[in-house]
Amino acid sequence: ALGLNGAPSALSTDEKQNSLEDITHYNNFYEFGTGKTDPVQYSGSLKTSPWSVKIDGLVDRPGSYGVEDLAPESALEERIYRLRCVEAWSMVIPWLGVPLAAVLEKVGVQSGAKFVAFQTLHDPEQMPGQRSRILDWPYREGLRLDEAMHPLTILATGLYGRVLPNQNGAPIRLVVPWKYGFKSIKSVVAITLTDKQPQCSWQMSQPGEYGFYANVNPQVDHPRWSQATERRIGAGLFGGRQDTLMFNGYGEQVAGLYAGIDLAKHY
Amino acid sequence: MVQRLNLWLRQVPVWAVWLLGLIPLGLLVWDTLQGNLGVDPVRSIEHRLGRTAIYFLLATLTVTPLLRLARLNLMRFRRALGLICFTYATCHVAAWVVFDMAFLWAQMLKDVVKRPYLVFGMLAFVMLLALALTSNRFSITHMGARWRQLHRLAYPAAILAAAHWLWALKVWESWPLTILLLLITLLSLRIFLGFRVFGWFRSVVGCL
């Protein structure tokens with residue numbers, strides 16, 4: 001089914017959404033190449049059905065779950081979120097998905113769990129970008145448990161009222177709107193509850209440039225470029241730049257998660 | 001064979017090189033007006049201009065080795081190639097100022113002094129500016145030996161420009177790495193294959 005519906009959410013922004021063309025033809029998904037249009041061009045080879053997500057670690061009901069088990073169509077919500085890339089551009093995207101918290105509750109998180117680790121599919125046959133070792137594949141990401149349980153954090157299976165296109169991380173991906181886009185790992189095949197801070201691909205690749213938290217923060221620059229402002233994709237040649245907001249504008253909801261933490265140190 | 005080619009090349013007017021050199025710019029303007037630049041035209045414009053500038057810098061630096069190693073004489077066109085490179089570099093910087101940074105001078109200034117890849121890019125641009133300003137008969141006759149010294153800046157400028165490209169990316173990409181290796185090869189040729197200073201001088205004068 002191409003058409004998907006989601007219940008509207010109070011967590012959605014009413015900012016102008018990017019077009020479907022913008023969202024599906026300007027992607028960072030290095031599994032299919034480093035160019036912005038490589039994912040749309042080369043992700044046709046990704047087989048998204050059948051697909052299962054292995055959930056293990058400190059959970060009561062470990063196992064392989066189908067996409068439909070984790071995010072049944074009846075439970076989908078529409079979440080219109082800002083997305084801020086670490087490269088200092090941004091978009092507004094109408095995702096369809098379910099809160100990650102609902103999924104984690106379903107599998108039963110054990111009391112010792114402190115972090116959630118995620119992995120993308122590793123299959124150079126389907127993902128030609130993985131044939132070059134630009135990153136240590138498979139792509140890995142992680143969240144603190146409280147970040148994962150936050151109501152803003154979702155697992156998305158669609159956008160713009162349709163099934164998630166391959167280049168956007170089909171069939172199921174994470175969306176964490178107050179963090180730089182690379183935290184929102186695509187095409188997830190494994191979720192592990194753990195008591196140790198997980199390894200994250202960009203942090204592994206250049207720890208001086210990418211931290212575990214990767215919260216959007218205009219005051220803490222990436223070593224090689226400023227994060228103070230951003231360019232909204234689709235704004236045209238003279239669209240200019242806008243100020244980047246703390247936690248990508250979600251500070252009211254998430255600032256409490258980081259009370260007492262030096263965000264310049266824990267970037 | 002090379003001699004015949006050289007004879008033919010002497011018939012080619014310098015403006016023809018300019019005309020060819022400006023084709024990428026024309027295509028870029030065309031693509032911009034037609035909306036062929038994809039979802040993020042700002043980035044496309046900036047990157048295409050920057051890449052083209054480096055290609056022409058590479059072409060400029062190939063002229064002397066071609067003469068030395070293959071006896072192919074493109075010296076008459078070298079100034080045009082260099083100035084075309086500078087034209088693209090200028091457009092690249094202008095696109096950054098106008099489209100990308102939208103005249104946010106304060107942030108631009110902070111970035112240029114703080115970010116290594118912007119420091120590299122800007123240094124390269126200032127060097128190219130010095131070369132462009134002195135790419136005329138007057139400067140050559142009045143600067144004498146200092147002109148030759150100054151114009152060796154083309155090499156550091158090229159290396160810096162390639163480093164600027166590589167460093168702006170999040171991972172090591174093969175194409176800009178290839179360009180950097182080509183530049184380093186050209187530089188090593190110059191150093192190790194004995195392009196004697198006198199010969200270098202003669203060829204420069206010979207072409208102008």
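Colleague: Which residues of chain B does the UniProt annotation "domain: Ferric oxidoreductase" cover?

Modeller: This is a predicted model, and the annotation comes from an unreviewed UniProt entry, which places it on residues 49-161 of chain B. Over residues 49-161 the chain is 87% helix and 0% strand.

Colleague: How should I read a helix, say α11 of chain B, and what span does it reach?

Modeller: Compare its span with the one expected at 1.5 Å a residue. Helix α11(B) runs over residues 174-192, 19 residues in total. From first C-alpha to last it reaches 26 Å, close to the expected 27 Å.

Colleague: Which residues of α11(B) are buried?

Modeller: They are B:Pro176, B:Ile179 and B:Leu183. Looking down the helix axis, the buried residues of α11(B) fall within an arc of 60 degrees, so they line one face. The other side of α11(B) has exposed residues: B:Ser174, B:Thr178, B:Leu181, B:Thr185, B:Ser188 and B:Phe192.

Colleague: What covers the buried residues of α11(B)?

Modeller: The cover includes two helices of chain B, α4 (41-70) and α10 (154-167).

Colleague: What is A:Leu155 in contact with, leaving aside its neighbours within four places in sequence?

Modeller: The contacts of A:Leu155 are A:Leu70, A:Ala71, A:Gly97, A:Val98, A:Leu100, A:Val103, A:Ile172 and A:Leu174.

Colleague: How many residues of chain A are in contact with chain B?

Modeller: There are 19 residues of chain A in contact with 19 residues of chain B. On the chain A side, α1 (20-24) and β11 (229-232) each supply at least two residues. That side of chain A divides into 7 nonpolar, 6 polar and 6 charged residues.

Colleague: Next, the backbone. Which peptide bond ending at A:Pro138 is cis?

Modeller: The general idea first: most peptide bonds are trans. Here the bond from A:Trp137 to A:Pro138 is cis, with omega near 0 degrees. A:Pro138 sits in the loop between β5 (115-120) and β6 (140-144) of chain A. Another cis bond joins A:Ala170 and A:Pro171, with omega about -5 degrees. The loop holding A:Pro171 runs between β8 (162-163) and β9 (173-175) of chain A.

Colleague: And phi: is the value at A:Ala88 positive or negative?

Modeller: Most residues other than glycine have a negative phi. At A:Ala88, which is not glycine, phi is positive, near 75 degrees. A:Ala88 lies in the loop between β3 (77-84) and β4 of chain A. A:Ala88 counts as partly exposed because it has 19 C-beta neighbours inside 10 Å, and a buried residue needs 20 or more.

Colleague: Where in chain B is B:Ala102?

Modeller: B:Ala102 is in the loop between α5 (75-100) and α6 (105-114) of chain B. Phi of B:Ala102 is positive, near 50 degrees. With 18 C-beta neighbours inside 10 Å, B:Ala102 is partly exposed.

Conventions:
Residues numbered from 1 in each chain as written. Chains lettered and ligands numbered in written order. Predicted model: local features only at pLDDT ≥ 70, side-chain atom pairs only at ≥ 80, totals over all residues. Contact = placed C-beta atoms within 7 Å. Helix = DSSP H or I, 4+ residues; strand = E, 2+ residues; numbered from the N terminus. Nonpolar A, V, L, I, M, F, W, Y, C, P; charged D, E, K, R; others polar. Expected span 1.5 Å × (residues − 1). Buried ≥ 20, exposed ≤ 12 C-beta atoms within 10 Å, placed from the backbone. Arc of directions from axis to C-beta. UniProt positions renumbered as here; feature names shortened; annotations may be inferred.
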